[in-house]
Amino acid sequence: MLRSGSNVVRAAARTLKPQRTSQWAQRFLSMSARRQAAGFRVSAGAVAGASVLTLGFSAVTAYALEPKVDWNKVKSDVKAILDEDDFDDGSIGPILIRLAWHASGTYDKNTKTGGSDGATMRFTPEAGHGANAGLAEARKRLEPVQAKHPGLSYSDLWILSSYVAIEEMGGPKIPFRAGRKDKPSGEWCTPDGRLPAADMGTKPGTIAHLRDIFYRQGFNDQEIVALSGAHALGRCHTTRSGYTGPWTRAPTTFSNEYFRLLVETKWVKKEWKGPVQYENVDGGDLMMLPSDLALIEDPEFKKWVEVYAKDEKRFFADFAKVYQKLTENGCNNLEGGKGWF
């Protein structure tokens with residue numbers, strides 16, 4: 001007489017290796033079918049148990065065969081490509097951060113869609129969204145790194161690259177958790193308009209827009225200001241956003257300089273044929289967007305700008321936390337559990 005399905009499965013699992021156990025379960029199912037055809041009664045539990053065993057160990061075997069990523073080597077490979085003399089200010093670090101930021105900033109806490117999990121910017125229509133102009137340059141430079149590491153998802157690579165860039169440019173070390181999975185096609189792309197715009201035409205409109213965009217992702221006013229501190233890095237380009245110039249005089253150094261300049265410098269409208277932006281009166285070599293000045297025009301935002309302008313250590317600590325939150329929003333399979341929801 002056959003024992004119950006669960007006992008049969010447990011007995012086999014204790015004595016057989018995973019690959020052989022899966023083979024055993026398949027043979028058991030075949031034998032059960034022959035016995036049933038001959039008129040014998042076969043326990044439904046036994047059949048179900050063997051079926052589960054077959055599927056379970058097939059999954060285990062597949063997982064065991066999945067290439068393991070050496071994250072230290074990935075980091076080293078990213079570090080090796082950061083310096084590029086002919087690119088902007090000699091580093092691709094700022095555009096790698098922008099890539100990760102824009103991949104993550106599509107998250108919507110209400111619909112649980114978007115975010116870094118999926119790397120959907122590889123596909124149209126998201127690759128062509130206006131806010132993502134120029135980011136093909138970042139994706140192109142990461143292709144050799146991705147190709148060098150079997151099992152490395154674009155999703156994880158984009159985020160880890162930004163963490164490496166932040167740290168290499170003098171910023172805080174951000175704990176990285178792997179597990180993002182790439183989406184297979186553009187059907188997973190989020191609609192255009194989920195990323196913040198630089199100007200909504202009026203000061204109140206721009207302030208309200210910032211809150212709408214960031215509250216949708218689950219951020220509060222303090223976190224909005226902390227994330228904005230990434231504008232210490234990089235510059236704007238007329239060929240991408242339509243705007244031009246750097247926010248600080250050290251655009252490849254992570255610091256609280258962005259906040260210090262916001263509160264200590266007088267900003268006036270730039271006289272030019274492009275969109276509305278502001279320049280410093282003491283030289284006109286720097287720029288601020290209307291959305292940047294919104295941070296000192298709203299009292300709730302401004303109090304945090306002033307905190308970070310005076311306390312770089314506090315800014316680094318708060319930025320590390322909120323940037324990790326940004327890049328983990330909506331992620332389901334990260335090491336150590338889910339990301340932020």
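Predicted model: local features only at pLDDT ≥ 70, side-chain atom pairs only at ≥ 80, totals over all residues.
Figure 1. Ser291 has a relative accessibility of 12%, and because a residue under 20% is classed as buried, Ser291 counts as buried. When residues up to four places away in sequence are set aside, Ser291 touches Ala197, Ala198, Thr206 and Leu210. For the chain as a whole, buried residues make up 49% of the 341 residues, and the chain contains 13 helices and five strands.

**Figure 2. The aromatic pair formed by Trp101 and Phe214.** A pair of aromatic rings is described by the distance of the centres and the angle of the planes. Across the whole structure, a search finds 16 aromatic pairs. In the pair shown here, the ring centres of Trp101 and Phe214 lie 5.7 Å apart and the planes stand at 90°, so the arrangement is edge-to-face. Since Trp101 is part of helix H5 (residues 93–104) and Phe214 is part of helix H8 (residues 203–216), the pair ties together parts that are 113 residues apart in sequence. Both Trp101 and Phe214 are buried.

**Figure 3. Tyr258 and Phe259 within a cluster of rings.** The rings of Tyr258 and Phe259 have centres 5.3 Å apart and planes at 70°, so this pair is edge-to-face. Both Tyr258 and Phe259 are buried. Ring pairs link these two residues into a cluster whose members also include Trp71, Tyr163, Phe176, Phe254, Trp304 and Tyr323.

**Figure 4. Charged side chains over aromatic rings, at Phe301 and at Trp272.** The charged end of Arg211 sits over the ring of Phe301, at 4.3 Å from the centre of that ring. At the other site, Lys270 lies over the face of Trp272, and the distance to the ring centre is 5.6 Å.

**Figure 5. Helix H6 and its kink at Leu142.** Helix H6 runs over residues 136–148, and its 13 residues should span 18 Å at 1.5 Å a residue; the end C-alpha atoms are 19 Å apart, which agrees with that expectation. A kink of about 35° is found at Leu142, shortly before the proline Pro144. Leu142 is also one of the buried residues of H6, and the others are Ala138, Arg139, Arg141, Val145 and Gln146. These buried residues pack against helix H4 (71–82), H5 and helix H7 (154–168).

**Figure 6. Helix H7 and the glycine that follows.** The 15 residues of H7 reach 21 Å from the first C-alpha to the last, which is close to the 21 Å expected at 1.5 Å a residue. Helix H7 is mostly covered, for 13 of its 15 residues are buried. Just after this helix, Gly170 takes a positive phi of about 100°.

**Figure 7. Met288 in the largest nonpolar core.** The largest nonpolar core has 76 residues, and those with the most contacts inside it are Met288 and Tyr323. Helix H7 gives the largest share of this core, nine residues. Leaving aside neighbours within four places in sequence, Met288 is in contact with Trp247, Tyr258, Leu261, Leu262, Trp267, Gln277, Tyr278 and Leu293. For the chain as a whole, among contacts with a separation of 6 or more, residues 24 or more positions apart account for 67%.

Definitions and conventions. Residues numbered from 1 in each chain as written. Heavy atoms only, no water. Phe/Tyr/Trp six-rings, centres within 6.5 Å; stacked < 30°, edge-to-face > 60°. Helix = DSSP H or I, 4+ residues; strand = E, 2+ residues; numbered from the N terminus. Buried < 20%, exposed > 50% of the residue type's maximum accessible area, 1.4 Å probe, protein only. Lys NZ or Arg CZ within 6 Å of the ring centre and 35° of its normal. Expected span 1.5 Å × (residues − 1). Bend = angle between axes of the 7 residues up to and from the residue. Contact = heavy atoms within 4.5 Å. Core = buried A, V, L, I, M, F, W, Y, C linked by side-chain atoms within 4.5 Å.
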